[in-house]
Amino acid sequence: MEKITAAMADMLEDELLDLTDKYLAEGKDPKAILDAYQAGMTEVGKRYEAGEYFVSELILAGEMMNSGSEKIKPFLKGGSESGPSKGRVIIATVEGDIHDIGKNIAGTMMELSGYEVHNLGEDVKISKIVEEVKTLKPKLLGLSGLLTLAYDPMKAVVDQLKEAGLRDQVKVLLGGSQIDEHILKYVGADVFANDAMTNVTYLNSLP
Amino acid sequence: MTTNPAFEARQKRYYDTIVLKKTDMVPITPMVDTFPIRYYGANMAQALNDHKLLEDLWIRYHEEFQPDVADTPYMINGFFDIADRLDFTLLKWAGHGLPEEASYQFVESEMMPPEEYDWFLSDPSDYMFRRMFPRVYGTLAPLAKLPTIAASYYFFTPFIWAALADPAFLEVGRALVDAGNMAAKTIGEFVVFHQKLADMGFPMAQGAMTQAPLDIVGDYLRGIKGMLVDLRRRPEKLLAACDKLLPVMLELAVSSAKISGVPICFIPLHKCMDGFMSQEQFEKFYWPTLLELMRGLVAEKIHPYLLVEGVCDTRLPVMIRDAPPAMCIYHLENSDIFKAKKLARDKVCLRGNVPVSILMTGTPDDVRAYCKRLIDEVAPGGGFLMDTGVNLTEAKPENVKAMFEYTREHGVY
């Protein structure tokens, strides 16, 4: 299984998928193969944090993970394919903004790190986000936006969470390449991320 | 041309700054985007569709703020009617897929699947005409039914025309004629409006636009995800596409600069940000064709004006080292302009970069403090244009005023 983990970590796509086919045909434990994929993914995340890998590798790793899971899934007998969720997360691009790429990469990374991610999509109404927080009670709410026009809706979400008495129950993370400490303060959120792994690191640091 | 001495003075100040000559003061050249619409209290959706109203708002902005270059309301704002008529699917704007106050946004997706690289590489025009147009313009969908024009030698020509007998082409023809008339009308308005601004004393900030070849692949063909996975999955095709696009992007820029008579070409950079790819990949896939494009422009005496979006701190040393000296503007959004200045002296004119986050959420004192640092550390020796990081759009008016006032008072050489 180390070969699977290494192929994933080294971005050797063809080798990884060939090995997967081979192991499945040989009747190896599909759960063990999937675990090896996840171990490879963890290594990819580490290399990204270390500055050896970049967004391009995260995207490709996500696609390799998907192709692999498609192959493995039919062999998993009804059992849960992953361990228990480490916690629930909601992510959304706020009202007025339709950018989705960064949010979706961050979502994938959190999912692959064991979190249950509810992706509400783009241009999501403030009231809808607050409503979902009320219903799903997530550990973390990730608000994404690339454009400056996203800052006011982000602030409105935080304000409405306060009014609804929900602010203390959820951490709010702002995601977007233009977000900085000025915007964090303006919105009244807990933390901001300009990259795809800060989310995971932050989540893992929470009690 | 204009006889207004203020025009001459500003134009000299702007161009001298670009070629790193001494000037009387730091020019202020902000990208205003939709700021005048918000500031003067107009309705966004209405203004974006009313050229007369747009022009009135932009005149008010120039009269009130007296910037050193003219800003145009006709970058994207002037062309929504055409996008609407052709049912262009890659752009959304206020009242048209976006809320009334939300200006405009591009829709980026994988428009060219990987198996179509070879078609694009063998004949990009054919690919654009028969595959991309039908995909991105709803009204041009019937173009997909046409045979290739490249096969239109003598005897086969009638069969090419025969394809046009399909009644669907009547609507294609009408749509194209309408779009042509709309474009001609708007371009005419653009020319008249900029003459008016020139007579008021404001020279155009740029007269052409193009993009880095890899950005064309990432923005419009493969999408960012497709382009980024191609770095590893099909690097040869990606490089071939950049090579194919290089002369096209150069011709676009040179011909527009000749028509406008303004030898400054705007090049917004999208996918070179730190973090998207490794430095090695940047130097192999992104930079070589962009640098060739810049050299091609400089050979035609056109100044490349790069809008370096996001943070590109790791890219800038190479970009500054290789730049054709004393010809280029590098407008930094969130990169460290203070560090860049140390490398850019005698090489590149820096532009920027009062952060939009401060302009939007900070106080006039915060703005003055940042401008002070720019004037103290980036302006000395010349080659500096005071600007915002990226467009002003949601900036607080008192902060924009503080930026102008402080720069006028303290930005004197």
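1. Ground rules before you start. This is a predicted model, in which local features need pLDDT of at least 70 and side-chain atom pairs count only at pLDDT 80 or more, while totals for chains, interfaces and linings use all residues. Residues are numbered from 1 along each chain as its sequence is written, with chains lettered from A and ligands numbered from 1 in the order in which they are written.

2. Chain B overall. You'll find 18 helices and nine strands in chain B (DSSP runs, H or I of at least four residues for helices and E of at least two for strands, numbered from the N terminus). Its radius of gyration is 22 Å, close to the 22 Å from the globule rule for 413 residues, so chain B is as compact as a globular protein of that length. That radius is taken over C-alpha atoms, and the rule is 2.2 Å times the number of residues to the power 0.38. The C-alpha trace of chain B spans about 70 × 50 × 40 Å along its principal axes.

3. The sheet. Six strands of chain B form an open sheet in the order β4-β5-β6-β7-β8-β9, with parallel pairing (strands pair if DSSP finds at least two bridges between them). At the edges stand β4 (208-209) and β9 (384-388), each with a single partner strand, so one side of each has no neighbour in the sheet. Strand β8 (residues 349-354) of chain B pairs with β9(B) over five bridges, in the parallel sense. B:Val354, for instance, has B:Thr388 in β9(B) as its bridge partner.

4. Two domains. Chain B is assigned domain 1 (5-116 + 167-410) and domain 2 (117-166); such bounds come from an automatic or database domain assignment. Between them, the contact takes 20 residues from domain 1 of chain B and 17 residues from domain 2 of chain B (in contact means C-beta atoms, placed from the backbone, within 7 Å). On the domain 1 side, α9 (168-199) and α12 of chain B are the elements giving two or more residues.

5. The core. The largest nonpolar core has 183 residues, and A:Met8, B:Cys265 and B:Leu350 have the most contacts inside it. Its largest share, eight residues, comes from helix α12 (residues 235-260) of chain B. Such a core joins buried Ala, Val, Leu, Ile, Met, Phe, Trp, Tyr and Cys residues through C-beta atoms within 7 Å; buried means 20 or more other C-beta atoms within 10 Å of a residue's own, exposed 12 or fewer, and partly exposed in between, with C-beta atoms placed from the backbone.

Notes:
Contact = placed C-beta atoms within 7 Å.
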